[in-house]
Amino acid sequence: MAGECVPCEGPDLKDMSEEELWDLINDNRHRISLGVRPCILIPYLRQARVLTEMDEDEILSCHNLTNRSMRTSFMLDLLRTQGRNGAVALLEGLMIHYSSLYTQVTGHKPSTEPSRFSGLIKYSELTEYLVRAVTGMQKELQEARGEASRMTSRCTSLESEIQQMIEQEEKSRCLQSETERMRRHLCSLQREVTKLKDEKCDLYMRYTAAIEDKSATNKRLHDLNLQVYQLQTELQKVQIENEFQKQRSLRRASLAEMPHLKEEIQRLRCELHKAEKMDPAHQDILARDLAEAIDSQVELAEQLRRYREENEQLLAEKQGLTDQKECLSLQVQQLTLECNVQQQKSAMIHKQMNELQAERDQAYQSRDEAQAMIARILAEKDTLRCQLVELQEKVFSLQAKRRPRRQQQQQQQQQSSDETEVNWGSRRSSCEESSYSNRRRLCRMDAINPLSLSSCQSESEDAAVSSVRSRNAEPPSPDSLRRRVDSLYEGSSVETAETDSLSDDFVFLPHVGTEDTHTPRLLYSKESASDSLSKTTPPPFLLRSRPKAIRISGRVLSISFQGEALLSQLVVVGGNKTGVFVHQVTEGSTAHTVGISAGAQIVQVNYEQNQKALRMVLEDSTLEEAMWALGQVTGLCTLSLRPRQDDYEALLQQLHNSEISSGDSFYVRVNLTLPAGPSAGLAVSCNDILHVTNTRPGGTEDSWYASQVHPCRLLDLQSGTVPNYYRAQGLLIQAIENMSFPTKKSRKAGRLVSQTKEKTVRIVSTVHQGRNPLWVSVEDEKSGDTTAPKSGVTLMPYTLVSPHYPPVCRPVLLLPTVLGRVLDKKLAEWQGFQLCEPEMLSSCEHAAQLQRSEILEESEQGTHCCYTLQGVEKVMKKGIHCVLPLGLDCVRRLHRGNIFPIIVFISQSARSTRKLRSKLHRHSQSEEQLLACSRSEEPLLDKLPCLYRKVAPDSWCDQTSLLTHLRTIIWEEQKKIVWVEPDLW
């Protein structure tokens, strides 16, 4: 109890000589030099007159003393010159200000009982010093509280700035998506222009062919017309000759007419000759041919004019599309610059967010330190008040004993009392009048002098003794960080009852008719003192004005009680995102009796199981994990509770509005293919990412409620129930057994899976044993008592993942390694890609970077030419993809440097390797080596802590199409979120 010193070991300090005292101090000189601040002890040492003002100035202001340890050591040297008084004063100062250090040095518990002091300081001066020390501590407490409030406001402003930065980042992402959309639109316009050009060429070809066909047709028609004209001419000649022969045969009879006929024939021949020269039919044919030729020429000229107009129109459209292309190119460049600026801003924002988080953590730490200091000051204040009340009671008893003498020698006794005793009533009244405005909570009511209360009788000895303590301990400010809800702490355990402290308000009653029911818990342990008090006139009874409050360090209350069937006493809500809260408490249960109420967060559970102490921290646990832990409690348990009523009410409001279904929220990677269940089941495939939002949906114990995640944004897509960890683990083991020992049903399912070319399982194991490896909050108090073998592994159907958003272009790793060596240089020749080059390092640089794990791979064995993280970062800072000519071993080293590569595995078959035969031969590789490398590296992909992209062997036909397909895949992967698993080993 307060005011009692129980020696642990060693003799009494009063019986020790000067040399023994200083030997004791020198043995602990190092501990004192590190743990003591001279500015705290010097006021007491000055009061004890073992240090002068000059010594104080020399200790605190000497330039040669550069740190606190040197100042403390110099102070010890000055006290050594004061002999025994210096040692005693030092130890008394440690007893007042550094109680734990005093116990370590002397082996005694600290006590401020007047009999424990050496008498270097008078009682009145000691009391004044203690009051000043309490006042200084309260000022420091107020300053710490003000600093905590300023840090809180600073955190609020920083959080608002973070929200604004997040909105700006979202706008930059929208601009980037708009840029990509315009780029795709530009590509489609270019393809349409190419199609128009092809159609124009086809029209020109058809026009030329039509002209050639028409010329040939006209030529053929002209030849046929000539042949018809010749045939008609010959027919006319035959007819004329036939008529001539007829006339000749008719006129042959008359020979006399012969000369005349000859002349006639001659004349006809002449006319015939002239007719032949000027044939109108021939002229008509020629005229008709000429007219047809002129018409065809006009028609051709019209067609040529139309084609020229179409050509001019196409040229104008081409010019317009070209101008539009240039405008879009300028816009793309501008948007690219803006995206780069936004990416830099985002990187800066992330950096500032990290700094803000560090400042927030520092503010929280300062707040916790301030709270710890408040608790320590309150405890010291309670101790001092106990001592003050005890001294007051002793003074009252002495005054009662000297009452007859004081009546006879009142004037002489008044002078002696001014020198040797303390006038407690007047001193307390003066202290109240001077510090009432600053320390309102420290104000007491004036005590009544027992000499003036002749009618006061000793009715209850326990009541008189119990008046030394109060029932509530609060900081001297109404808005204290230590304020608690009274209903939460009523009826606490015996452990918390021992931490009671003194109250600030006492009410003095001269007559008491009933006993206090709480006095047995607060009695003095020194029976002699109570007996001596009971024989004399007792001081007035002190009635507690408020119910007690429990002071818990770190804002956490620990309550011990019998937790048989704890889940029947408590109903909990929440999860790993919001915390696990007490929702309902069964009326009349043990939990209700000790004062547990709704709205308290369960931070930790301590209990015993199979004679082994277990501890489970539920601050970040899921609802399923918390209910499992609470269900394991079968006897005495200790619950650590933190009051968070505002957060609890916000959680209930969200649950009522159906904004969330529980307080759980985490992301997992699925390691097996699961079909859709019978009732609202969600079908998932291996390597899918799920957002688990409820680990106990509808009170079921074997299912989770989860949603599939958008690959590019943190958006929930299709939702449903999936098996929980244990049931999924059983399904995983069953799937592995079916693959190892196939049955008829499993063979049919295997054929269906092989037809869909979908991966069935992914073997992932961890060294975490026993319970769910996703649970990391269950700990044994004695870690040496482990029953699970340390050499085994556990198959994991789900693995936890965390999202990452790379701000710049990610590196590219092509697998298998043999094919990657062939395609790396070709891919690096494309715009936006660059091959990573090795660096030549000196021996010192090589050793230093090798120690820091910054060397990814050595280019040549035995030399210091290596691929390093700095080389990859240099390429990434240019805003282009770095092509890595490395293997799978570099992935984890890149992840340690926060670099997340795009991993593309090109599956191989005997047919696909033949397509690359010539390329492989140029690099001194064969098809068999490529197939062997592919088969050896494909199983290693499942051990990577991130997702990868696989290219089917029948999705490309040659090297050019493969590179084009790879470029499209890289562009798609760059937009996706990177999901990374923690190191399971």
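1. Let me begin with a residue in a charged pair. Glu 147 counts as partly exposed, because its relative accessibility is 35%. Its salt-bridge partner is Arg 150, with 2.4 Å between the closest N and O atoms. Both residues belong to helix α8 (residues 123-251), where they sit three residues apart, or about one turn of the helix. As background, side chains of opposite charge can pair when their charged atoms come close.

2. Please keep in mind throughout that this is a predicted model. The chain has 985 residues, and 40% of them are buried. Its secondary structure consists of 31 helices and 26 strands. If we take contacts between residues at least 6 apart in sequence, 75% of them join residues at least 24 apart. The accessible surface is about 56,300 Å², and carbon and sulfur atoms account for 52% of that area.

3. Back to the charged pairs: the structure holds 25 salt bridges. One of them joins Glu 981 to Arg 669, with the closest N and O atoms 3.3 Å apart.

4. Glu 854 pairs with Arg 852 in a salt bridge whose closest N and O atoms are 3.0 Å apart. Glu 854 counts as buried because its relative accessible area is 15%, under the 20% cut-off. Elsewhere, salt bridges link Arg 949, Glu 972, Glu 973 and Lys 976 into a network.

5. Now for a helix. Which residues of α24 are buried? They are Thr 817, Val 818, Leu 819, Gly 820, Val 822, Leu 823, Asp 824, Leu 827 and Ala 828. That is nine of the 12 residues of α24, so the helix is largely enclosed by the rest of the structure. I also looked at the length of helix α24 (residues 817-828): at 1.5 Å a residue its 12 residues should span 16 Å, and its end C-alpha atoms are 16 Å apart, which agrees.

6. Leu 290, Ile 294 and Val 298 make a nonpolar surface patch of about 280 Å². Ile 294 is part of helix α10 (residues 280-401). With a relative accessible area of 43%, Ile 294 is partly exposed, and this places it over the 30% needed for a patch residue.

7. Finally, the cysteines. How many disulfides are there? The count comes to zero. Cys 882 has 0% relative accessibility and so counts as buried. Cys 201, by contrast, counts as partly exposed because its relative accessibility is 48%.

Note on methods. Residues are numbered from 1 along each chain as its sequence is written. This is a predicted model: local features need pLDDT of at least 70, side-chain atom pairs count only at pLDDT 80 or more; totals for chains, interfaces and linings use all residues. Side-chain values use heavy atoms; hydrogens and water are left out. Helices (H or I, at least four residues) and strands (E, at least two) are DSSP runs, numbered from the N terminus. Buried means under 20% relative accessible area, exposed over 50%, partly exposed in between (1.4 Å probe, protein chains only). Contact means heavy atoms within 4.5 Å. Accessible areas come from the Shrake-Rupley method with a 1.4 Å probe; for residues, only the protein chains shown count as cover. Patches are made of residues with over 30% relative accessible area and no salt bridge: like charges are joined within 9 Å, nonpolar side chains (Val, Leu, Ile, Met, Phe, Trp, Tyr) within 5 Å. A salt bridge is a side-chain nitrogen of Lys or Arg within 4 Å of a carboxyl oxygen of Asp or Glu. The expected span of a helix is 1.5 Å times one less than its number of residues. A disulfide is a pair of cysteine sulfur atoms within 2.5 Å.
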